[in-house]
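This briefing goes through one protein model, topic by topic. Please keep the sequence and the structure in view while reading.

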Protein chains: 2
Amino acid sequence: MEEIHLILAKNLKAFRENKKLSLEKVAELTGVSKTMIGQIERGESSPTITTIWKIANGLKISFTSLINHPQPDTQLVLRKDIQTLSEDHGRYRVYPYFPFENDKRFEVYTVEIDKGGYLSAEPHIEGTEELIVVFDGEITIRVNNDEYTLESGDSIRFKADKPHTYHNSGKSLARVNMILFYPAE
Amino acid sequence: MEEIHLILAKNLKAFRENKKLSLEKVAELTGVSKTMIGQIERGESSPTITTIWKIANGLKISFTSLINHPQPDTQLVLRKDIQTLSEDHGRYRVYPYFPFENDKRFEVYTVEIDKGGYLSAEPHIEGTEELIVVFDGEITIRVNNDEYTLESGDSIRFKADKPHTYHNSGKSLARVNMILFYPAE
DNA sequence: CGTTTTTGTACATTATAACATACATGGAAA
DNA sequence: TTTCCATGTATGTTATAATGTACAAAAACG
């Protein structure tokens, strides 16, 4: 995932070069020193919100045009490129496929739990829902003092703003797809 | 016009209190110290873009929901509340009615020029257009070595990314409405 | 070509964002 | 009450954003 200040860097530089403005000219228009403009463009600085505001106003462009980088229409994500999150002595693995970003209201994970493996999750922010589909194995989910056992092909949806646990209660590796959903307030 | 970091302050505090989260909890969710969260909420700090990004992601809300404060449906602007911009020894006055803001692509001024008054304008950013309607008096506008004389009821539209001048060529006070328009790229 | 000007970067300094720690205040529990 | 715990604020320190000046390379000019 690209860092926000690098996105800003690209957008600002692209805009400036497109308009054929010098650093000095931008400094004059925005009231931000040309040194700082240069550092921002090179990704060497994470400007404060007031600085970004000065730039957006001085250049007469929107705040978001500086921080939104156009998503490609198609995005391929290979497992080998995914950073794995493991714990319980490596007995489960979480693969973040599509992490949260700005205005998307959900994120997508895949979770593998070895036989006997156990996963305890802290409550997510209020309102969060979890949608799970089991692909392989058997999983027992405990939430709100209720226990649900799911097998391959089963699914469940629950409010995830309370503590909850996952347990591989079957005889083989369990694999599930998990969607975390954050409803708009 | 409200300062950007105060808008952020309000939005963040409103969100946190609405969700009934403590500063400490927000700090834990976002990876930003609770001291900093507190200072941001009190408007005592202009956070960097990376800090805002951490907050938006940790709270699972969009970047813009933190910086956009909802415009009221109706906005009344009285002349007495407008900050006047004068020069040429006070022989002209510029009244900024609706200044540029974020995603609006234009701003609105009224300009008064006394008899004989003269106004020289630096080029605006590339692509900028000016739309002028004359209400009273006579004005001569010079742009690109061309000269246009307008009387009450006349109007003109021109590319304002080159130097241009306004001159009250009539016998009385001249008043015009001016719109500066910044086309999207 | 050499000279001048324009443009972006390096450097040194100041202002302030960000953090860790300690403190004060206001309930809840006893 | 008294004690305890939770929450937000004040304080001191470090990291870094922001600026002004000086410099180097490239472009424009003769």
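A salt bridge is a side-chain nitrogen of Lys or Arg within 4 Å of a carboxyl oxygen of Asp or Glu. By that rule, two salt bridges cross the interface of chain B and chain A. The model is predicted.

**The interface between chain B and chain A**

- On the chain B side, 34 residues are in contact with chain A, and 34 residues of chain A are in contact with them.
- The two chains bury about 3,200 Å² between them, and 65% of this area lies on carbon and sulfur atoms.
- Which residues of chain B lose the most area to chain A? They are Ile49(B), Lys60(B) and Ile125(B), which together make up 22% of what that side buries.
- Eight residue pairs are in polar contact across the interface of chain B and chain A, with both residues of each pair at pLDDT 80 or more.
- Three helices of chain B, namely H1 (4-18), H4 (49-58) and H5 (63-67), each supply at least two residues of the side that touches chain A.
- Helix H4(B) gives the largest share of that side, six residues.
- Sorted by class, the side of chain B that touches chain A has 18 nonpolar, nine polar and seven charged residues.

**Salt bridges**

- Over all chains, the structure holds 24 salt bridges.
- One salt bridge joins Asp114(A) to Arg93(A), and the closest N and O atoms are 2.8 Å apart.
- This pair links distant parts of the chain: Asp114(A) is in the loop between S3 and strand S4 (118-121) of chain A, while Arg93(A) is in strand S2 of chain A, 21 residues apart.
- Between the chains, Lys60(B) forms a salt bridge with Glu107(A), with 3.1 Å between the closest N and O atoms.
- Lys60(B) is also among the residues of chain B that lose the most area to chain A.

**The four-stranded sheet of chain B**

- Strands of a sheet pair through backbone hydrogen bonds, either parallel or antiparallel.
- In chain B, four strands in the order S4-S9-S6-S7 form an open sheet with antiparallel pairing.
- Why do strand S4 (118-121) and strand S7 (146-151) of chain B each have one side without a neighbour in the sheet? Both stand at the edges and have a single partner strand, so one side of each is left without a neighbour.
- From one strand to the next, the twist averages 15°.
- Six bridges pair strand S6 (residues 138-143) of chain B with S7(B) in the antiparallel sense.
- Thr140(B) has Thr149(B) of S7(B) opposite it.

**The six-stranded sheet of chain B**

- A further open sheet of chain B has six strands in the order S1-S2-S3-S10-S5-S8, and the pairing is antiparallel.
- Its edge strands are S1 (85-87) and S8 (155-159) of chain B, each of which pairs on one side only.
- On average, and with direction ignored, neighbouring strands of this sheet are turned by 20° against each other.
- Strand S5 (residues 129-136) of chain B pairs with S8(B) over five bridges in the antiparallel sense.
- The bridge partner of Glu130(B) in S8(B) is Phe158(B), and that of Glu129(B) is Lys159(B).
- S5(B) also pairs with strand S10 (residues 174-181) of chain B, in the antiparallel sense and over seven bridges.
- Ile132(B) has Met178(B) in S10(B) as its bridge partner.

**Strand pairs of chain A**

- Strand S1 (residues 85-87) and strand S2 (residues 92-98) of chain A run antiparallel and are joined by three bridges.
- Opposite Glu87(A) stands Tyr92(A) in S2(A).
- S2(A) is also joined to strand S3 (residues 106-113) of chain A by six bridges, and these strands run antiparallel.
- Pro96(A) has Tyr109(A) in S3(A) as its bridge partner.

Technical notes. Residues are numbered from 1 along each chain as its sequence is written. Chains are lettered from A and ligands numbered from 1 in the order in which they are written. This is a predicted model: local features need pLDDT of at least 70, side-chain atom pairs count only at pLDDT 80 or more; totals for chains, interfaces and linings use all residues. Side-chain values use heavy atoms; hydrogens and water are left out. Two strands pair if DSSP finds at least two bridges between them. Axes are lines fitted to C-alpha atoms, for helices over the stretch in contact, and angles run from 0 to 180 degrees between N-to-C directions. Contact means heavy atoms within 4.5 Å. Buried area is the accessible area (1.4 Å probe) that two parts lose on being put together, summed over both. A polar contact is a pair of N or O atoms within 3.5 Å; within protein, one must be able to donate a hydrogen and the other to accept it, and residues adjacent in sequence count only if both atoms are side-chain atoms. Ala, Val, Leu, Ile, Met, Phe, Trp, Tyr, Cys and Pro count as nonpolar, Asp, Glu, Lys and Arg as charged, and the others, Gly among them, as polar.
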